[in-house]
Structure formats: C-alpha cells, structure tokens
Amino acid sequence: MTMSRRQFIRNASVAGGALTIGFSLSGCSDQQLPKRNAADFQPDSYLRVTPDGEVIAQVFKAEMGQGVLTGILSVLAEELEMDPASLRYEMAPPHPAFADPEMIMQVTGGSNSIRLYYDTLRTVGATTREMLITAAVQQTGTPASELYAEAGRIRSRDGSVDLGFGDLVATANTLAVPENPPLKQAADFKVIGRQNDRLDAQAKVDGTAMFGSDAPVENALVAVVLRCPHAEGSCGGWDAGEAKQLAGVEDIFQIDGGIAVVARNYWRARQAAEAVNTNWQAGAAPLQSSDDIDAAFAAALEGDEYEVVREDGKPPVAAGARTLAVEYNAPFVAHATMEPQTATARPMADGGIEVWVGNQAPDVAQAYAAKGFGVARDRAIIHNTFLGGGFGRRAAADNVYEVAQIVARMQQPVKLVWSREDDMRHDFYRPVMKARLSASLDGNGDVESYTHQIVAPSINQKIMPHFLNAAMPAWVPHGVKSAIGNMQADTDHASVEGVADTSYQFPHFRVQYTNLQTVMPLGFWRSVGHSQNAFVIESFVDEMAHASGRDPVEFRRAHLPEDSRHRTVLDKVAAMANWNQPAPGRYLGVAVHESFYSVVAEVAELSMEGGRPKLEKVYCAIDCGIAVNPDIVKAQMESGIIFGLTAALKGKITVKDGAVEQSNFHDYQMLRMNEIPEIEVAIIDSQAAPTGVGEPGTPPAAPALANALFAATGKRQRDLPLQLA
Amino acid sequence: MSPETIIFTLNGQPARLEIEPDTPLLWVLRDELAMNGTKFGCGRGLCGACTVHLEGSPIRSCSLPVSAVAGKAVTTIEGLSAAGDHPLQKAWVAENAPQCGYCQSGQIMSAAALLAARPNPTDADINAYMSGNICRCGTYPRIRKAIKRAAAEMAADAVATWEPGQSADAEEVLS
C-alpha cells in the first residue's frame with residue numbers, strides 16, 4: 001500500500017482531521033502533552049527527562065516485531081549522545097500528537113515509521129540536548145562552546161562541569177524551545193548505522209513481554225465469542241441450552257457481532273460455547289464461494305467495465321515479432337498472526353473503560369472501546385501492548401469492540417481470547433485477484449507494448465468504513481462514512497500498486513483495473529497490493545525475457561532506468577548469487593521490486609532432489625537509504641522473505657457460502673524450520689534518507705521462487721500457491 | 001466435570017488448585033496461576049507456542065489435561081533460569097532472534113529440550129526438534145544460529161569447569 005491509504009487520509013482530512021507532528025511546550029497547555037508530568041522536562045511529545053535523570057521515550061508506533069521500538073530509541077539516543085539501551089520507554093497512548101502525518105491517525109503501517117519520523121526524532125533529541133546544555137550554561141556559567149553531552153550527562157571539556165540530565169531538569173523547564181537545534185553530522189554517528197542490538201529482545205526471551213491477554217488485571221473473567229461463519233450472514237436465532245449451567249460459566253449473551261460466552265477461564269468458556277445452539281444463515285449477496293468468484297472474475301476480464309489506471313504511448317499498429325497473453329491468479333490469504341486476536345478490559349470507577357490490546361491503530365481501538373462500552377472517546381483508555389504479530393491484521397479493532405461490549409454487560413474485568421479457528425475464519429483477508437497480461441516484443445526482444453489487466457476487490461472500499469469510524473468526528477453518521485469508503489474504491493491504488501507505479505519503461509504501457517467485490521472482508525496484508533502484483537509483473541517480465549531468448553537480469557536492466565536503484569540492487573544480488581555461473585545442479589530465479597520507497601532484489605536458488613525442486617537459498621539486496629539498525633534491516637528481509645515464501649507455497653483461503661473453509665495450522669500451513677532456505681542479505685551503502693523495511697522484503701519472494709521453478713522445471717506456474725512438485 | 005484437587009510442581013515450587021481435571025495445563029498456567037509467559041497459539045498442538053517441560057520433556061500444554069501433570073514437575077519459561085540468562089536466552093538476545101516475540105517462549109523451551117538431549121545438535125537435529133514450533137515472523141534462521149551459539153557456550157562452560165576425575169558427562173563433552 002502506499003497512495004491508497006495516504007490518499008484516503010488526505011481526502012478524509014477535509015472532513016475533520018488535524019495534522020500535527022508532535023506538540024511542544026510553546027503554545028500548548030500541559031494537558032496536551034501525552035504522559036505529562038509537571039516535574040519532568042518534556043520538550044516535546046516524544047520523550048521526557050525525569051529529575052532522577054531518566055530519559056523516557058514514548059513508543060508511539062506499534063512494536064509488532066519490525067523493530068520500531070529499537071528504531072525510535074536509537075534515533076533519539078543518537079542526538080542525545082546516549083546508549084539507546086539506557087533510555088527507558090513507555091508504550092504511548094493514543095494522542096493527537098502522534099497522528100501520522102500521512103494517515104492522520106496513529107497508524108503503524110506502510111513501513112513508514114522511520115521514513116516519516118527520522119528527522120522529527122533527531123530534531124527532538126537535538127532539541128533536548130541543546131536545552132540541557134543551555135540549562136548547564138545557566139547553572140554553571142560555563143559557555144556552551146565548552147559543554148557537550150555524553151552518556152546521559154552534560155560535561156565540560158576541562159572536567160569542571162559534570163551534571164546528570166536530571167540535575168538540569170528544573171532549569172531546562174524554564175527555557176524556550178529552540179527553533180533549529182544543530183543536528184549531528186553523519187560521520188559522527190555512534191548509533192545510527194552502527195548499533196545492531198534489539199532493545200526488546202530480553203523481554204521476549206524471558207516471558208515478560210506483555211501482549212493483549214497478558215494484562216496485569218486481577219480477577220478477570222475470560223470471554224469467547226461465537227460469530228456467524230458466513231461473511232455478511234446473519235443469526236437466525238440461538239439458545240444457550242445447557243451451556244449456562246456448565247461449570248464456571250458466568251453469562252452468555254448477544255453482542256453486536258456475535259454471542260459472548262463468559263466464564264471463569266478460557267477452557268470453561270470454550271466448552272460452554274460449544275454447547276450453545278446457533279442458527280447461522282448465509283447472506284444473499286453474490287460471490288460467496290471460491291468457484292463463483294473465479295468464474296465472475298474470468299468474465300470480468302472479458303467485460304468492458306474497467307478503469308484505465310495508466311496508459312503511456314500508443315499500442316503498436318501491428319503485432320510484434322512475438323506476442324504473449326497469459327493469466328495469473330492469487331487467492332485470498334490470511335494473516336495468521338501467532339497471537340490470535342485478544343484484548344483485556346475493565347470498567348473504571350469514573351464510568352470509563354480501560355483496555356489492554358496490541359493494536360496498529362490505537363485511536364481506532366479507542367473509538368471502538370468507546371462505542372462498545374457506550375461512552376465518549378475520552379472515557380476510553382488504551383494501553384497498547386506488544387503485538388503478537390501484526391502484518392496489517394491489527395490495524396482493525398474488532399476485538400476491542402467485542403471486549404468493550406462484554407465489559408459493559410459484565411461490569412467487571414474481562415479477557416477476550418479468540419481461538420485459532422476464530423482468527424482464521426474472521427480475518428480481513430488479502431484479496432483474491434485475477435490478472436491478464438499481454439505483451440508484444442520487437443525483433444530484438446524489447447517490449448513494444450505491455451498491458452496488465454487486474455480484477456480484484458477493493459480493500460479500501462471494504463475496510464475504510466471500519467477506520468473512518470475512528471478518523472471522523474463521532475457525530476458523523478455511519479452512512480456517511482460508508483459513502484466515503486465507497487468513493488475511495490474508485491481510485492483504490494492498493495489494487496494496482498507495484499504495477500501502475502512500476503519503474504519499468506515500456507513504449508506502450510497500459511494498466512486497467514476492475515473492482516469486483518465479494519462478500520469477504522478485506523484488509524492490509526504485509527506489503528498489500530505489492531504482494532500479488534509483484535508476483536504477476538515479475539513473473540511476466542521473466543516470461544518476456546525467456547520468450548525473447550534473453551537473460552532475465554539483462555532483460556530487466558534493459559527496461560529499467562539507467563541510474564536507477566533497481567539496477568543497483570539487481571547487480572548486487574546477481575553478484576551475490578553468482579548469477580552468470582550458478583553451481584552445477586542449481587537453478588536461479590530473480591525478481592526486483594520497489595515498495596514503500598525501498599527497492600529489493602531477490603534470487604531464489606533451487607536444487608532438484610529426486611525430480612522435485614528444493615529451495616536451497618535466497619539472496620537479497622535492499623536499498624533502504626540509511627539503515628538505522630543494519631541487523632534489524634537484515635532480520636526484516638529474512639522475515640519478509642519467509643512471509644512471502646510461506647504464502648507463495650502454502651497460502652490459500654477458500655470460501656463456501658461466505659464461510660472460510662480453513663481453520664487451523666493443519667489446513668492453513670506455515671513454513672517451518674525444516675522447510676526454510678538459507679538467506680543471505682546485503683544492504684546497499686547509502687546516505688539517502690531512510691525508507692521502508694518492514695514490508696519490502698515480501699513482494700519479490702514469490703516471483704523469484706516462481707522464476708527459479710521455471711528455470712529448474714521448464715514449467716511456468718501462474719497460480720498461487722506454487723507447487724514444489 | 002467437577003473440580004478436583006490437583007497438586008504438581010511448577011518451576012520448583014508446589015502448586016495446588018481445585019480445578020476441573022480436563023482443563024488443559026495451558027489455561028491452568030495462564031488463567032488460574034497468572035503465569036503468562038506460556039502462550040496460546042492454536043489449541044491443537046500444531047504450533048508449539050505453548051511448549052513447556054513435563055519432567056524435562058517438551059509437551060504442548062494446550063493439549064494436555066492438567067490431571068496428567070498431577071504429582072509431576074512442570075517447567076515454564078519463567079522457570080528456565082533464575083534471571084532470564086539461560087545460555088539459550090543469552091544466545092537468543094545475541095542473535096537478535098525475537099521479532100514479535102509471541103512464539104519465542106515455546107521456541108526456547110523446545111530448544112532447551114533439544115540441547116538436553118543433543119548437546120551438540122546437527123541441522124537435522126534442529127529440524128527434528130524445532131519443526132513443531134511455528135514462527136510467523138520467520139525468525140527460524142536466527143533461532144538455528146542461537147541454538148548453535150548456546151550449544152557452543154554450554155560446551156565451553158562444561159570444559160572450563162571440568163577437572164580430571166569429574167563426571168563422565170564432562171569427559172563426553174571433551175571427547
């Protein structure tokens with residue numbers, strides 16, 4: 001995703017969102033600063049310094065594994081001249097100061113956290129440092145030119161001044177915030193590009209990292225929810241039967257979206273839920289089953305209802321030396337985060353509600369907590385926890401809405417736990433997609449004409465109403481929000497990203513898109529439209545290269561701009577993989593793709609074992625500008641590659657009557673330790689501003705593998721998931 | 001099912017509770033004893049997030065009724081080391097293995113059982129012991145490295161503390 005979510009925000013901002021990049025003390029009252037403590041020195045929203053000398057950073061982005069907590073602390077620490085590990089941190093509450101400048105809401109997504117906040121966080125760190133130095137000047141009379149920050153202290157070169165940050169807090173609090181504090185030169189960096197530690201690792205190996213169902217809330221009951229298995233279906237009646245009499249059961253009742261079963265612990269709740277009689281009905285909307293969806297999408301490819309998203313040049317008058325026309329398919333896939341959806345909540349003495357949840361959009365969570373509990377938004381407190389995987393799934397707050405409704409009825413603490421089956425069957429799925437690719441090549445095998453037709457349901461049309469509930473003022477009626485969600489769908493960039501904005505240069509280049517909705521809920525799945533579209537475009541570019549008898553790397557280079565980052569990463573990965581001379585018995589496939597402002601090239605290397613291809617190794621080169629934490633960048637490439645390969649080899653959600661047919665890890669499988677390739681990652685040395693890393697590793701994985709499979713077997717696979725047989 | 005008294009040893013301490021005996025150990029740990037380090041992932045023994053040790057052997061606590069641990073010793077991530085500094089935990093940090101972190105308690109408990117059985121594991125041993133644990137973040141390459149790092153550290157420690165005439169185990173490490 002790139003433009004879609006952002007464009008939505010720009011439009012939505014007309015309807016009422018304010019845009020702020022943090023609040024500073026000047027011009028704002030104390031109440032406007034998050035976690036304000038009057039005794040602390042808090043030059044900006046992102047950190048405060050206590051009189052004890054502790055620097056406490058606000059982790060205002062969701063830590064879901066991508067390493068943003070480490071990134072935020074590292075960038076602040078660089079300018080503060082501190083060891084990042086010596087900063088304390090707090091998970092930030094939803095607060096207008098943390099509204100994403102591109103998305104209005106406090107969303108973590110689009111791999112944009114470090115890209116958007118690198119300068120901001122450096123400036124905040126530098127502002128704090130300079131104000132502490134000014135405070136030391138006032139307290140000691142030593143000129144600023146003699147003072148410097150080091151290890152959480154302000155020191156003088158002659159050794160006469162050595163003050164802890166805490167000793168300067170009272171004075172610093174009286175100072176005006178400087179406009180343009182000097183930033184460090186890159187050559188002087190001690191942390192950025194140099195530190196490789198991950199600051200949340202210890203809590204994640206000793207069992208203390210807190211997730212949504214680990215909240216320290218005493219005497220919490222446990223709730224499970226029965227939901228209609230049919231998307232857009234309904235409940236034709238239910239009765240608790242004997243379930244209410246079962247041991248440990250507290251209550252069973254209907255909420256908006258399902259039937260809640262509340263018990264003393266999860267097991268009792270789950271047992272009772274199985275004893276509840278339900279009469280779920282499928283809805284009447286069209287396109288509820290995988291076969292029908294496929295047939296309708298095939299018909300849509302032939303039809304004349306489409307939007308021309310991009311057209312450069314004119315189609316050739318006559319067909320070229322070679323022409324190709326093929327069809328690609330991608331199924332629905334699920335997020336399957338390791339932590340199923342959870343949330344813990346309790347009523348507060350003042351009539352509000354307090355919720356612990358790991359969420360990518362805490363202000364959406366806040367809006368749903370308030371709605372579910374029946375209070376104004378400012379009466380809903382959100383404690384964001386670590387996320388047990390996000391990948392886009394936890395941008396929604398359906399779990400928060402449920403738990404808030406349940407607490408409203410129970411009026412005591414409740415922990416909501418979804419089963420794996422709940423999670424698999426009530427996800428916001430990556431859309432199903434069908435594409436037709438056609439091309440005309442000239443006598444040299446250069447592309448004359450490239451046409452990319454996509455039929456896919458719009459993600460934004462489905463999910464934007466869910467978000468708008470939070471982004472818009474509470475008084476806007478729901479129907480208006482749905483209408484805006486529908487308007488967005490007409491220009492849903494998420495369906496065409498990675499194709500409409502590709503860097504390939506083709507004389508005639510046409511992209512057309514048909515939005516065809518099914519009943520299934522849709523959401524943002526790690527790299528969003530790029531994940532399917534990169535598979536299609538990079539597989540088809542490979543097909544064009546082979547059709548013209550040219551080397552796939554050379555063919556790509558020839559159609560990419562001369563000084564592009566794409567060529568740089570391609571050349572790098574080709575060298576890493578020994579592309580021109582692979583080891584005997586090894587087969588290589590390549591893909592290159594830009595997403596979230598980073599460019600990644602990958603080569604998959606296969607061997608053949610008993611006539612079956614075996615994935616041996618993946619080489620990866622990324623240009624992400626400055627790598628703030630190089631080892632986390634490498635970890636994200638490994639992660640993105642394995643995520644992409646898992647979907648490429650195993651990911652397929654099918655539906656019947658609007659109900660998902662898969663349920664758990666036996667029928668929706670993941671790559672495991674014994675199945676993963678070796679992975680080697682190189683980061684292109686760059687001093688450019690940092691760009692995305694959480695998602696860009698994913699898109700090239702599937703096409704690199706598909707292209708290697710073609711090299712090994714001579715068979716072109718155009719449908720996901722791919723077969724290793 | 002009526003509650004019964006179940007007594008077992010949890011991380012070296014006695015645990016006693018009145019509970020329906022069919023309740024899986026996972027929910028006894030999490031909901032009754034507030035031991036939250038052990039995680040729920042699938043409920044069917046398919047993902048390994050809930051792995052703990054029963055008498056030193058790895059088991060999936062989501063699928064084991066608590067009645068089966070009566071009179072026995074259970075170890076969870078909280079009991080693996082006193083200060084979160086088991087060689088595996090240190091190696092996990094050194095290799096930056098965790099990402100979201102949710103599966104890592106189970107991964108580490110499986111790895112601890114592996115090293116107890118195979119102090120110097122091959123890649124095949126690691127595959128055999130660890131392929132029951134899913135990691136959605138794809139931290140497998142680092143888990144593999146961390147297991148090898150911990151194995152090397154434990155072997156070095158065994159050598160460093162070995163004196164002639166000590167246990168046969170230590171001699172085995174040397175050979």
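**Note on a predicted two-chain model**

1. Helix α2(B) is followed by Asn96(B), a residue whose phi is positive, near 50 degrees. The model in which this is seen is a predicted one, and that should be kept in mind through all the points below. The helix itself spans residues 87–94 of chain B, and its buried residues are Pro87(B), Leu88(B), Gln89(B), Ala91(B) and Trp92(B). As for what covers these buried residues of α2(B), the cover includes α3 (104–117) and α5 (140–160) of chain B.

2. Is Ala15(B) buried or exposed? Its relative accessibility is 7%, and because buried means under 20% relative accessible area, Ala15(B) counts as buried. When residues up to four places away in sequence are not counted, Ala15(B) touches Ile6(B), Ile7(B), Phe8(B) and Leu10(B). For a sense of distance within the chain, one can look from Ala15(B) to Gln107(B), which is 92 residues apart from it along the chain, and find their C-alpha atoms separated by 25 Å.

3. Strand β1(A) pairs with β2(A), residues 47–49, in the antiparallel sense over two bridges, and Asp44(A) has Leu47(A) in β2(A) as its bridge partner.

4. Why can β24(A) be called largely enclosed by the rest of the structure? The reason is that 10 of its 12 residues are buried. Strand β23(A), residues 598–609, runs antiparallel to β24(A) and is joined to it by 11 bridges, with Glu602(A) standing opposite Cys620(A) in β24(A). The hairpin of β23(A) and β24(A) has two residues between the strands, and in this hairpin Gly610(A) takes a positive phi near 55 degrees. Strand β24(A) also pairs with β27(A), residues 678–683, this time in the parallel sense and over six bridges; there, the bridge partner of Ala621(A) is Ala682(A) in β27(A).

5. Another residue of chain A to examine is Glu354(A), which belongs to strand β16(A), residues 353–357. Glu354(A) has a relative accessible area of 13%, so it is buried. Which side chain makes a polar contact with the side chain of Glu354(A)? That of His383(A) does, at 2.9 Å. If neighbours within four places in sequence are left aside, the residues in contact with Glu354(A) are Thr344(A), Ala345(A), Arg346(A), Met348(A), Ile381(A) and His383(A).

6. The remaining points concern the place where the two chains meet. The size of an interface is often given as the accessible area lost when the parts come together. Between chain A and chain B the buried area is about 4600 Å², of which carbon and sulfur atoms give 55%. On the side of chain A, Val205(A), Met338(A) and Met673(A) lose the most area to chain B, and together they account for 19% of what that side buries. The contact takes 59 residues from chain A and 51 residues from chain B.

7. How many salt bridges are found across the interface of chain A and chain B? There are 10 salt bridges, and one that can be located in the structure is formed by Glu20(B) with Arg268(A), whose closest N and O atoms are 3.7 Å apart. The residue pairs in polar contact between the two chains, with both residues at pLDDT 80 or more, number 35. On the side of chain A that touches chain B, at least two residues each are supplied by α5 (266–275), β18 (414–417), α9 (420–425) and α15 (630–650) of chain A. Helix α15(A) gives the most to that side, with nine residues.

Technical notes
Residues numbered from 1 in each chain as written. Chains lettered and ligands numbered in written order. Predicted model: local features only at pLDDT ≥ 70, side-chain atom pairs only at ≥ 80, totals over all residues. Heavy atoms only, no water. Pairing = 2+ DSSP bridges. Helix = DSSP H or I, 4+ residues; strand = E, 2+ residues; numbered from the N terminus. Buried < 20%, exposed > 50% of the residue type's maximum accessible area, 1.4 Å probe, protein only. Contact = heavy atoms within 4.5 Å. Buried area = accessible area lost by both parts, 1.4 Å probe. Salt bridge = Lys/Arg side-chain N within 4 Å of Asp/Glu carboxyl O. Polar contact = N/O pair within 3.5 Å; in protein donor to acceptor, adjacent residues only side chain to side chain.
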